[in-house]
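These are my notebook entries on a structure that was new to me. I set down what I looked up, entry by entry.

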Amino acid sequence: MSIGTQDNPLRVAIVGSGPAGFYAAGHLLKPKDRAVQVDMFDRLPTPWGLVRAGVAPDHPNIKAVSRVYEKTAAHPEFRFYGNLEFGRDLDHDDLARRYHAIVYAVGAQTDKQMGIPGEDLPGSWAATEFVAWYNAHPDYRHLEFDLSSERAVVIGNGNVAMDVTRMLSSDPDELAKTDVADHALEVLREARVKEVVVLGRRGPAQAAFTNPELLELGEMTDADVLVAADDCELDPLSAESIEGEGRITPRKNVEILRDYSAREPVGKERRIVLRFLVSPVEIIGDEKVEAIRIVRNELHREGDGSLRPRPTEQTEEIPCGLVFRSIGYRGLPLPGVPFDENRGVIPNEGGRVLASAGGEPIPGEYAVGWIKRGPTGIIGTNKKDAQESVDLVFEDLDAGRLPEPEDPDRDLLEELLSERAPEHVTYAGWEAIDRCEREKGEPHGRPRVKLCSFEELLEAARERVG
Ligand code: NAP
């Protein structure tokens, strides 16, 4: 019986419910001439991945993208199973036995390390931990951030660095109108951070942040932005690259930074200092962070044409009590699934999972999003990326390359889940959590008050679904 018909629907498991997973589900469920069932699994009781746990609370417009995912979830052949961990409650073979195709959409679940002395001192954090904490990710709610020092240093020039800088420099009364985690708001209200220094290892023309995020810093009510004029002087290689490549973002970033460097600070309560061409070499302190030693860099052209930093002899110490390394996320391996340690991704070709980097495709297995291409791009990037992988699913289906699962029955899956993970959360359970959070937020004019622990989330799901 051909796959993708009413009698034998194409059964697809998606592991991970962030943007990439939802775009993949949307693309899979779109063709009118194919019968497709999508079951999505997530280890959290809540969907949306980094849209819920990564996007900064003061960016509600970006979070509104979840409305697109809600439409996908409303499809009659879509199911969500949350609070269910791949590798613990269900493993690779369980899925392979039940689905024609598995799509891995697990993102990049940890952070990169700098590999410098002092990196593990108290007060030195991964920006990703801070982000997950202020966004109420249940795994991070117990972290204790001591924000009593006056200067924090943020390492890295990406959009996460911009988010963390804004969160540290915002007026807590403004944040109180958002869905920031209550535990974070409490700590941010007591914070004494007066200056955030952001360190870029390359120059302004190579910064990874995008124009709107850089502009936002200059619009903050509570913080002056400072950039030294010297830091906006482009070296000949950067000037040449900015002219030659014709990319708008770096050119505009440089313009914005020049504008900042011409501004006089107006004495706002906090300061954001953007510095370029400096790398951390050591975090200093006896029992906790007391300072960071940095080295001045110069740029040189690599064989592949890119401009890379090279340290000079010139070093400097910046006293500070907090360091946030914001130098990128990194993917983690999944049990029973190939992993490319070098790149931190599932080895794949256009989304088809390969047995090893450069190896043969594994029939019926696909990757989307950050675990496919690495932690780059904005939310919308995942739409096209997921389309590429889903096109391959259909191509493999039409070419007869998909394996025939032994137990493709959805009811049997639900029986198994009730046995293995009786506390799993369905989409109705998530809708109950969502209603509960929105109701809690409403009297305070907030979009929602997030439930921060597994217990609270599961209780809301249980009680309201009945
Ligand atoms: P990112 O954009 O890759 O930026 C990482 C930054 O860290 C780069 O400036 C990089 O410099 C620097 N870096 C890497 N290793 C370093 C080291 N050892 N020492 C010093 N600096 C180092 O990563 P991200 O900020 O984590 O963001 C991840 C993705 O999410 C990005 O695509 C981002 O645009 C997206 N995002 C978007 C938004 C938004 O749209 N508002 C918000 C958050 C995140 P080099 O360039 O020199 O390597």
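Predicted model: local features only at pLDDT ≥ 70, side-chain atom pairs only at ≥ 80, totals over all residues.

Residues are numbered from 1 along each chain as its sequence is written, and side-chain values use heavy atoms, with hydrogens and water left out.

**Entry: Asp411**

I found Asp411 in helix α16, residues 410-420. Helices are DSSP runs of H or I with at least four residues, strands are runs of E with at least two, and both are numbered from the N terminus. From Asp411 to Lys63 I recorded 33 Å in space, C-alpha to C-alpha, and 348 residues in sequence.

**Entry: Asp89**

I placed Asp89 in the loop between β3 (78-81) and α5 (92-98). Asp89 counts as buried, because its relative accessibility is 11%. I then listed its contacts, meaning heavy atoms within 4.5 Å. Leaving out residues up to four places away in sequence, Asp89 touches Asn83, Leu84, Asp94, Arg420 and Ala421. The side chain of Asp89 also reaches the backbone nitrogen of Glu85 at 2.7 Å.

**Entry: Gly49**

I found Gly49 in the loop between β2 (36-41) and α2 (50-53). Gly49 counts as partly exposed because its relative accessibility is 30%. With neighbours within four places in sequence set aside, Gly49 is in contact with Ser17 and Gly18. Gly49 and Pro319 lie 36 Å apart, C-alpha to C-alpha, and 270 residues apart in sequence.

**Entry: helix α13**

The 15 residues of α13 reach 21 Å from first C-alpha to last, close to the 21 Å expected. Which residues of α13 are buried? I listed Pro250, Asn253, Val254, Ile256, Leu257 and Tyr260. Seen down the axis of α13, these buried residues fall within an arc of 165 degrees (taken from the directions from the helix axis to the C-beta atoms), so they line one face of the helix. On the other side of α13, Ile248 and Ala262 are exposed. I noted that the buried residues of α13 pack against α10, β9, α11, α12 and β10.

**Entry: helix α15**

For α15, residues 381-398, the 18 residues should span 26 Å, and the end C-alpha atoms are 27 Å apart, which agrees. Its buried residues include Asn382, Asp385, Val393 and Phe394. After α15 comes Gly400, with a positive phi near 70 degrees.

**Entry: the ligand**

How many residues surround the ligand? I recorded 22, each with a heavy atom within 4 Å of the ligand. The closest are Asn159, Arg201, Arg202, Glu213 and Gly377. Helix α7 (residues 159-169) gives the most to this shell, with three residues. A nitrogen atom of the ligand is 2.8 Å from an N or O atom in the side chain of Glu213. An oxygen atom of the ligand is 3.0 Å from an N or O atom in the side chain of Asn159.

Conventions:
Expected span 1.5 Å × (residues − 1). Buried < 20%, exposed > 50% of the residue type's maximum accessible area, 1.4 Å probe, protein only. Polar contact = N/O pair within 3.5 Å; in protein donor to acceptor, adjacent residues only side chain to side chain.
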